[in-house]
Amino acid sequence: MSCTNPPANPPVVNWLFAAAFAVLLMACGPPTPAPSAWQATESSLLTTGPYILLGETGVAFIAFKSTDTDEPIVEWKSESSQPTRVPAEKIGNLFVATLQSLPGNEVIHYRVVTNSGATEFYPFRVDVGDDESIEFAAFGDTRTGHSVHRAVIEAMNREDIDFVIHTGDMVANGGRDAEWDKFFQIERPLLSHVPILPSIGNHDMSARNNYKHYFLHDLWAKGRRYYAKDWGNLRIIAVDGGIECKEGCDQFQFVEKALREAVEKDMLVVLFLHYPPFSSGKHGSNLDVQKPITDLSKQYGVELVIGGHDHNYERTNPIDGTTYLVSGSAGAPIRAVDPQWFTAHARTEPHFVLLKVEHKRIILRAVNLRGETFDTTVINPVAPQP
């Protein structure tokens, strides 16, 4: 059976054609979306990227690969800023431009200029103004299911989101540059204008440290794979599940300090990592991370913890106030899920999660590739329990 895309508007003349069409979808996965305008018109300029990473307040990094040997530049502008040209520095096999003094409450427009031409201008933000709502997406475990991965990116790209969280296992083998190239090529329509906050998965690890290289952790995270970012009244904390960490280790102290500051500033908190503290999927709850994460979440009133690793969707009932989420079905083979005592909703289907922060609450929606919302809930502020 050939797994090419079906016609855009297939003339369903009888039930036999409809049945055959359904079998094709089940055998081949969702149709591969047509190439975006970016891919069709500008992919010759850059082999991967551009993609956006966030640094300290007012700083962003634009990363890409280009076949041009001369140094490309990135031009950016906003309503209050004059057009600025920033040379892109060569870091390994990447070009990286550091954009500074970016206004937090305005849309920034940038483009990449090489000897061969220029991309169009892409808009993005690094923060929001006071009292503005925030909307972001979470997904994970993309790996080698490229048609599903591409469909998830196309679906998220239709949403008006400020940034995206990836829960890890971006590739199948973190030591292969070709897999990272494929990852960023598939994600290009979204990441060219939406910053990504990454978390390392077990498949992303390698002795070559490709994950740290491609996400520039030496530039904005002091070489660590755990970090905290603020967006409006939301603090997002990434935990490195790839290191052994008990109470008292450097990462534990870092996360505890970030949580303590969030309580002092009366911020909502989303914490994310690859290994899920609670899961009813194939791997189940990860007990190594469960105790430190639940202890910190209870003590400092964490609203939401997002994990991946298990290739399904699952949302728990609040546990000591905190909701735990598994989102790991964006390309890796989907697996069955067996709901446990903590399960509020579980699903085995490719998906992503939309999260909207407004009026000191988080509105959660889980969306499948048909655009259907199959789970939703409202997460209210959680009081610390010292």
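Residues are numbered from 1 along each chain as its sequence is written, and side-chain values use heavy atoms, with hydrogens and water left out. Since the model is predicted, local features need pLDDT of at least 70 and side-chain atom pairs count only at pLDDT 80 or more, while totals for chains, interfaces and linings use all residues.

The protein chain comes out with 8 helices and 22 strands; these are DSSP runs numbered from the N terminus, with helices being H or I over at least four residues and strands being E over at least two. The chain has 386 residues, and 55% of them count as buried. Buried here means under 20% relative accessible area, exposed is over 50%, and partly exposed is in between (1.4 Å probe, protein chains only). As for contacts (heavy atoms within 4.5 Å), take the ones between residues at least 6 apart in sequence: 66% of these join residues at least 24 apart.

On to the rings. The structure holds 21 aromatic pairs. Rings of Phe, Tyr and Trp (its six-membered ring) pair if their centres lie within 6.5 Å; planes under 30 degrees apart are called stacked, over 60 edge-to-face, and the rest tilted. Phe64 and Phe95 make a stacked pair, at 5.8 Å centre to centre with 25° between the planes. This pair ties together distant parts of the chain, with Phe64 in strand β2 (residues 60-66) and Phe95 in strand β6 (residues 94-99), 31 residues apart. Phe64 counts as buried because its relative accessibility is 0%, and Phe95 is buried too, at 4%. Trp220 has a relative accessible area of 12%, so it is buried, and Tyr227 is buried at 3%. There is also an aromatic cluster, made up of Tyr51, Trp180, Phe183, Phe184, Tyr211, Tyr214 and Phe215.

Lys77 lies over the face of Phe121, 4.5 Å from the ring centre. The charged end of Lys90 sits over the ring of Phe95, at 5.1 Å from its centre.

Next, the empty space. Rolling a probe the size of a water molecule over the atoms shows where such space is left. The search runs on a 1 Å grid over the protein atoms alone: a cavity is a set of points where a 1.4 Å probe fits but cannot get out, a pocket is an open set with protein on both sides within 12 Å along at least five of seven lines, and lining residues have an atom within 4 Å of a point. Grid points are joined across faces, edges and corners, and a volume is the space filled by probe spheres set on the points.

The largest pocket holds about 760 Å³ of space. It is lined by 28 residues, and the closest to its centre are Gly55, Glu56, Thr57, Ala228 and Lys229. At least two lining residues each come from α6 (217-220), β13 (227-231) and α7 (250-264), with β13 giving the largest share, 5 residues. By class, this lining has 14 nonpolar, 4 polar and 10 charged residues, where Ala, Val, Leu, Ile, Met, Phe, Trp, Tyr, Cys and Pro count as nonpolar, Asp, Glu, Lys and Arg as charged, and the others, Gly among them, as polar.

The count of cavities of 30 Å³ or more comes to 1, and the largest cavity has about 30 Å³ of space. Its lining consists of Thr294, Ser297, Lys298, Ile319, Asp320, Thr322 and Tyr324. Helix α8 (residues 287-300) supplies the largest share, 3 residues.

Finally, the backbone. Gly49 and Pro50 are joined by a cis peptide bond, with omega about 5°; Pro50 lies in strand β1 (residues 46-54). Asn209 is not a glycine, yet has a positive phi of about 55°. Asn209 lies in the loop between β12 (196-198) and α5 (210-214), and is partly exposed at 40% relative accessibility. His309 also has a positive phi, near 75°. His309 is in the loop between β16 (304-307) and β17 (313-316), and is buried at 11%.

Technical notes:
Lys NZ or Arg CZ within 6 Å of the ring centre and 35° of its normal.
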